[in-house]
Amino acid sequence: MSQDVPLNWYLIVAACVFVIGLFGVMTRRNPIAVLMSIELMLNASNLNILAFWRLGTPNPGEAPLTGVVFTALVIAVAAAEVAVGIALILVCYRVWKSADVDRYDSMLG
Amino acid sequence: MSDDLLLSLLWMVPLGGAVLLLLLPRAFVGAARMAALGVTLCVLCLTLIVFVRYVSGDQAPIHRSLADRAADNFLNSTNLDQTDAFAGFLTTDAVQVIDAPGDLVVRRPWIPYFNIQYYLGVDGINLGLLTLTALISVLACLASWNMDQHQRGYYALFLLLQASVMGVFLALDLFLFFVFFEVMLFPMYFLIALWGGPRREYAAIKFLLFTLFGSALILIAFLILYFWSGDASATLAKVPFRAHSFDAPLIAKVTATTSYYGPSVQGAVFLLLLIGFLVKLPAFPFHTWLPDAHVEAPTPISMMLAAVLLKIGGYGLVRMAWPLAPAGAYSWSMLAAALGAISIVYGAFAALAQTDLKKLVAYSSVSHMGFITLGLSAMGLFSSTGDALDPRYYAYGVVGANYVMLAHGITSAGLFFLVGVIYERTHTRDLNALGGLMGVMPVCGVLGVVIFFGSMGLPGLCGFIGEAFVILSEFNHSPWIAAVAAFSVVLTSGYILWAIQRIWLGRNSTWDGLHDLTPREILIVLPLAAFTVLMGVAPQVVLWWMQPSVDSLVRDLAAAPTVRAVHETLNGLPSSQPVAAERPHHAMRGAKAPVD
Amino acid sequence: MPTVPVIPSVWPSSSEWFFLSPVLLMAFWGVLVLMLDVLVLRNRTLLSTRAKWLGLTSLVGALAALGLAVGLLWPGVLATDVLSANEEFFNGTIAFDAASALLQVVGIGFLVLVIGLSMTWVFTNEQGEYYALLFWSAVGMILMIEAEEFMTLFVALETMTISIYILTGLETGSKRSSEAALKYLIYGSAASALFLFGLSWVYGLTGTTRLAAVGRALVESRTVEGIGGQWTSGLALLLVLAGFGFKVASVPFHQWTPDVYEGAPAPVTAWIASGSKFASFIAMIKVLMLALGTWSVDTGHLQSPGWVVILSILAAVSMTYGNLAALGQQNFKRMLAYSSIAHSGYLLVGVVAIGVSSQRTEATGAVLYYLCTYGLATLGTFAVAAWLAHDVGSDQIDDLNGLGFRRPVPAFCLAILLLSLIGVPPLAGFFGKMLMFMEALNAGGNGGIALTWLVVVALLNSVVSAFYYVRVLKALYLRQPGPAIGKSFPSGVIWTLVIAAVATVGFGLNPTALLDPLGGAGISLLTSPEPASSGRPVDSNGITQSATVPENPAQTQVPVAPAPSASAR
């Protein structure tokens with residue numbers, strides 16, 4: 001156990017990944033890149049959850065597999081989100097012939 | 001008829017009438033005006049029953065103050081063993097209604113959780129206004145006889161307006177008052193915006209936003225009163241008082257006898273209420289919506305607006321602003337008096353400058369409404385040495401203010417109706433174009449001159465009494481302001497006489513062949529002219545039932561410990577009685593049964 | 001590897017399945033409608049016939065679910081009377097109490113009206129998918145209301161939102177619809193990611209995902225030490241608030257709102273504005289009160305102010321921004337979108353009131369009252385938007401011109417709803433606002449003084465809002481009707497309008513009729529449920545006992561204090 005990588009390291013990596021993802025969401029204009037960045041953010045959370053589950057102090061009486069189950073659920077949700085996202089990007093691409101969120105401007109105000 | 005039913009019918013009958021009119025089949029649209037007239041007449045009868053019940057008999061309510069009568073009608077908590085009358089005021093537990101019949105107070109729980117009651121009552125202060133509303137509604141209904149556009153909608157909104165105004169005048173629960181106050185806005189908005197003149201939409205939205213802004217301030221003041229946790233030692237009839245009440249007479253009693261609400265919170269509450277109601281009154285800096293609304297509104301709605309709706313502002317000041325925050329009123333009395341005097345003079349000057357007859361009458365309303373603020377703020381309660389003066393002098397001011405409300409209700413309704421009549425015949429309201437109408441329309445001219453003189457304040461007519469009382473009282477408070485207000489008499493004579501000259505006198509062949517008043521029109525003007533004379537010649541007709549209520553109000557104001565405290569602070573006098581410092585105490589929380 | 005405790009999960013009892021039956025029925029009915037479309041109707045019938053049959057089938061399903069949900073309230077239907085119960089079901093993931101039972105009735109009621117509205121005209125070729133997704137988003141919504149645990153909450157929330165992303169983009173041949181859907185998806189998933197990252201930190205700090213256990217852990221400061229100090233708590237709080245802020249459309253997470261409201265088909269907008277907002281606010285209240293209650297004020301464990309202060313500021317900014325931005329709008333749906341941001345601001349005042357009021361359950365009742373009445377009013381107004389899209393093919397305010405003369409009944413109902421949204425007494429909108437603001441002032445101690453400014457801002461905002469709502473009233477009654485208006489009014493629109501208007505007037509005149517049950521729901525919403533009393537091994541903490549206390553030498557051993565009983569809250 002003591003040979004494990006310390007918890008803090010995981011958390012720092014997760015935070016870095018999360019910030020990279022957030023940066024991508026805010027700066028990228030290509031919707032696919034934005035979706036990828038969102039994936040990064042979600043996976044940063046997964047990393048966090050697993051690290052906490054493996055190395056953190058569980059609440060007394062907590063079920064044993066909370067972190068794993070949580071991560072599995074998040075992965076499933078993320079997959080669904082991406083599937084829907086790609087579909088919508090395709091629809092928009094067909095309409096505008098462009099993959100740039102700034103071009104999608106049928107509504108203003 | 002029990003007084004529960006009687007008072008409730010005063011606002012329910014017009015409301016029911018409005019709903020019925022909306023449901024009226026299209027085929028009977030022609031009957032709408034008859035139905036509306038019937039409803040308003042019915043309300044007038046009910047009001048007269050209330051009036052008679054109020055003034056007649058040995059046990060009549062006139063002999064007992066509203067607060068005492070309210071204390072007989074209380075909501076007794078079934079969980080409490082209190083036999084004290086006030087105990088019922090202070091609880092939100094399951095209640096049992098104790099009802100004293102025949103005293104014109106109605107009290108039922110409405111939203112018990114917040115201690116909100118369905119609470120109506122009549123005393124000398126609102127009795128006159130209720131009667132005025134009922135009377136003017138009948139006359140305005142008659143005046144709308146030729147209205148042929150969307151009759152159903154018009155009369156339904158008209159009756160809704162009447163219902164809400166009656167409700168405002170009747171309500172003694174602050175929350176209920178606010179509900180009626182807000183409900184009134186929307187029929188008025190549509191009445192102006194749908195049936196008004198060319199710039200009706202602008203005028204209507206201006207009216208709406210000004211009043212909504214005022215009502216937000218009023219609501220904030222009510223909420224402060226409700227949630228304030230003040231002097232913990234304050235008791236009312238041996239029961240500790242803990243706010244969390246919307247009961248206007250109860251709060252008035254608390255401010256009159258305890259220092260639960262300290263001077264500074266009263267100051268804030270008073271300012272909020274003052275501004276809120278001055279918008280409605282309207283007084284000087286907040287008056288700009290009034291000329292627009294009057295010019296654009298159709299004649300009958302102008303009558304209602306001037307005669308009745310403006311009085312809501314005045315009534316709010318008399319019933320809420322001053323009694324609920326007497327110390328605030330006392331500390332700001334100079335400001336209020338100055339605003340009143342400025343309104344009087346400003347309104348008069350503005351009226352002098354008008355060439356549009358309707359605008360002239362509108363600005364004369366601003367001027368006359370100034371007397372209400374002035375009369376109420378004439379709080380000369382202490383001599384320069386700090387001794388308490390006889391509150392009688394202040395009572396003159398309050399009586400004067402109330403009298404002005406009634407007198408202005410009569411004359412302004414008449415004036416706006418006559419303006420409407422003249423406009424209908426000549427299609428102009430330009431004073432420079434009019435003239436010489438006396439020769440063509442003598443009946444109109446004679447009645448009109450009577451009402452114009454009444455509005456001017458000619459001794460012997462109704463306008464004089466109230467204004468004289470107010471100025472008399474103000475001399476006791478601030479001679480300078482009184483002098484300014486008295487000076488306005490010259491201006492008022494100026495614009496009224498000049499208007500009479502420009503409308504009726506002289507010769508003008510343009511108007512030959514105009515027909516004089518029809519019998520229906522005479523039926524409208526004659527009562528107003530009669531009241532103008534009657535209230536001027538025999539003010540006792542009104543004063544004998546109005547005075548007792550005003551006296552008890554003034555007594556309470558003068559006796560309030562916080563008023564004395566403010567006076568002593570302002571003049572650096574040694575404190576004669578300990579007034580507990582304002583400190584929000586944290587021990588008390590929540591609205592639940594403070595008595596247990 | 002941590003010691004593995006005894007696996008506590010128990011197969012849910014029949015009563016638990018029965019309690020969940022409305023949700024299960026809706027989930028199943030979604031599949032049924034989809035299969036009906038794909039296997040039976042598609043390519044065999046005309047689109048309009050198909051739409052009619054699928055709509056009717058869906059309506060039947062939704063009504064059946066509503067019937068089941070109402071039936072569960074009946075005493076004797078379940079072994080325990082749900083209105084007095086306060087238990088957790090499904091191994092502590094679902095609350096079995098008055099709040100769940102009552103609020104799911106409201107949620108399904110919204111769904112029924114939305115389905116009725118969707119039947120008014122055919123705006124999409126994907127009829128089967130449309131109704132199926134409506135059902136599934138409702139499933140997510142109701143599970144979100146009932147969730148007692150972060151995983152369930154997150155999955156339910158995503159079920160709801162992902163379904164709504166697709167619904168938004170389903171309008172056939174509408175550029176705006178697809179654009180709105182993509183924008184919604186991008187903003188929404190980014191917000192979900194923020195939310196999830198916050199949840200991961202909350203999980204890390206407390207070691208559990210159950211709301212009540214998180215709350216207890218935070219009360220006892222049983223947070224994991226040595227992982228970055230106190231700022232992590234503050235960060236987790238901010239991220240969770242960002243996630244909810246997005247869902248309820250509060251500034252600064254509101255950017256999606258105008259576009260999505262304008263671009264989505266009107267029934268979907270109605271569903272977003274009523275159902276999604278309803279569920280999000282309830283979940284927010286639950287998380288903030290049950291789990292993060294200790295973080296309402298800064299107790300030294302946060303490197304940021306507590307959520308009361310943050311939400312007060314968000315509330316003030318949201319209503320001011322929403323109202324001011326709505327002033328300039330010409331598009332009816334877009335105006336309603338900004339007004340919805342403003343109403344989120346009012347509702348946040350209510351959430352703050354729950355945090356500070358000395359009577360939290362009553363404050364919760366007030367917020368729930370506002371949510372219900374606001375949801376109904378929004379459904380009504382969007383019904384008009386749906387009618388506009390169907391009848392006039394446009395959604396500008398000017399298209400409503402003269403409706404008051406052409407169609408007096410719907411116009412009158414709309415006028416009532418708008419007045420209620422302004423907050424004119426004696427309508428329900430007024431009482432909702434009033435009750436929430438009064439509870440915000442009802443805070444004991446200094447809180448009352450601090451929040452007065454918020455109430456003043458809110459009241460002045462109501463005045464501002466009158467300006468743009470009155471513009472609609474003006475269009476209804478003061479303008480001459482155009483040639484196209486008032487051709488037909490589908491019954492779905494009329495029904496929605498009339499139901500909404502009647503409820504608005506009725507609950508306005510007699511607010512206690514709705515307040516009393518919702519106040520009861522407020523009580524159970526704010527108390528953490530007890531585990532179901534079905535003979536399981538439970539300890540006094542209300543947590544299924546594990547065989548060994550987990551040990552981890554790498555961590556500081558934190559003494560386990562007996563948790564306070566749930567009712568102490």
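How many residues does the contact take from chain B and from chain C? The contact takes 24 residues from chain B and 26 residues from chain C, where two residues are in contact if their C-beta atoms, placed from the backbone, lie within 7 Å. The model is predicted, so local features need pLDDT of at least 70 and side-chain atom pairs count only at pLDDT 80 or more, while totals for chains, interfaces and linings use all residues. Residues are numbered from 1 along each chain as its sequence is written, and chains are lettered from A and ligands numbered from 1 in the order in which they are written.

**The side of chain B that touches chain C**

- Two helices of chain B, α6 (174–195) and α7 (200–227), each supply at least two residues of the side that touches chain C; helices (H or I, at least four residues) and strands (E, at least two) are DSSP runs, numbered from the N terminus.
- The largest share of this side, 11 residues, comes from α7(B).
- By class, the side of chain B that touches chain C has 19 nonpolar, two polar and three charged residues. Ala, Val, Leu, Ile, Met, Phe, Trp, Tyr, Cys and Pro count as nonpolar, Asp, Glu, Lys and Arg as charged, and the others, Gly among them, as polar.

**Chain C as a whole**

- The secondary structure of chain C comes to 20 helices and three strands.
- Of the 569 residues of chain C, 67% count as buried. A residue is buried if 20 or more other C-beta atoms lie within 10 Å of its own, exposed if 12 or fewer, and partly exposed in between, with C-beta atoms placed from the backbone.
- Among contacts in chain C between residues at least 6 apart in sequence, 79% join residues at least 24 apart.

**Helix α19 of chain C**

- At 1.5 Å a residue, the 19 residues of α19(C) (residues 491–509) should span 27 Å, and the end C-alpha atoms are 27 Å apart, which agrees. The expected span is 1.5 Å times one less than the number of residues.
- The buried residues of α19(C) are Gly492(C), Val493(C), Thr496(C), Leu497(C), Ala500(C), Ala501(C), Ala503(C), Thr504(C), Phe507(C) and Gly508(C).
- These residues lie on the same side of α19(C), because they cover an arc of only 160° around the axis; the arc is that of the directions from the helix axis to the C-beta atoms.
- An α-helix has 3.6 residues a turn, so residues three or four places apart point the same way.
- What covers the buried residues of α19(C) includes α4 (98–118), α14 (360–391), α16 (408–422), α17 (428–441) and α20 (512–526) of chain C.

**Helix pairs in chain C**

- The axes of α17(C) and α19(C) come within 7 Å and cross at roughly 50°. Axes are lines fitted to C-alpha atoms, for helices over the stretch in contact, and angles run from 0 to 180 degrees between N-to-C directions.
- That angle makes α17(C) oblique to α19(C). Angles under 35 degrees count as roughly parallel, over 145 as roughly antiparallel, 65 to 115 as roughly perpendicular and the rest as oblique.
- In this pair, Ala428(C), Gly429(C), Phe430(C) and Phe431(C) of α17(C) meet Thr504(C), Phe507(C) and Gly508(C) of α19(C).
- The residues of the contact of α17(C) with α19(C) comprise four nonpolar, three polar and no charged.
- Helix α8 (residues 211–219) and helix α11 (residues 266–291) of chain C have axes that come within 7 Å and cross at roughly 35°.
- Here Leu211(C), Ala212(C), Val214(C) and Gly215(C) in α8(C) meet Lys286(C), Val287(C), Leu290(C) and Ala291(C) in α11(C).
- The contact of α8(C) with α11(C) divides into six nonpolar residues, one polar and one charged.

**Leu368(C)**

- Leu368(C) lies in helix α14 of chain C and counts as buried, because 28 C-beta neighbours lie inside 10 Å.
- Leu368(C) and Gly519(C) are 151 residues apart in sequence and 8.2 Å apart in space, C-alpha to C-alpha.
- Leaving aside neighbours within four places in sequence, Leu368(C) is in contact with Leu518(C), Ala521(C) and Gly522(C).

**Backbone features in loops**

- The peptide bond from Leu281(B) to Pro282(B) is cis, with omega near -10°, and Pro282(B) lies in the loop between α9 (263–280) and α10 (289–296) of chain B.
- His427(B) has a positive phi of about 60° although it is not a glycine, and with 8 C-beta neighbours inside 10 Å His427(B) counts as exposed.
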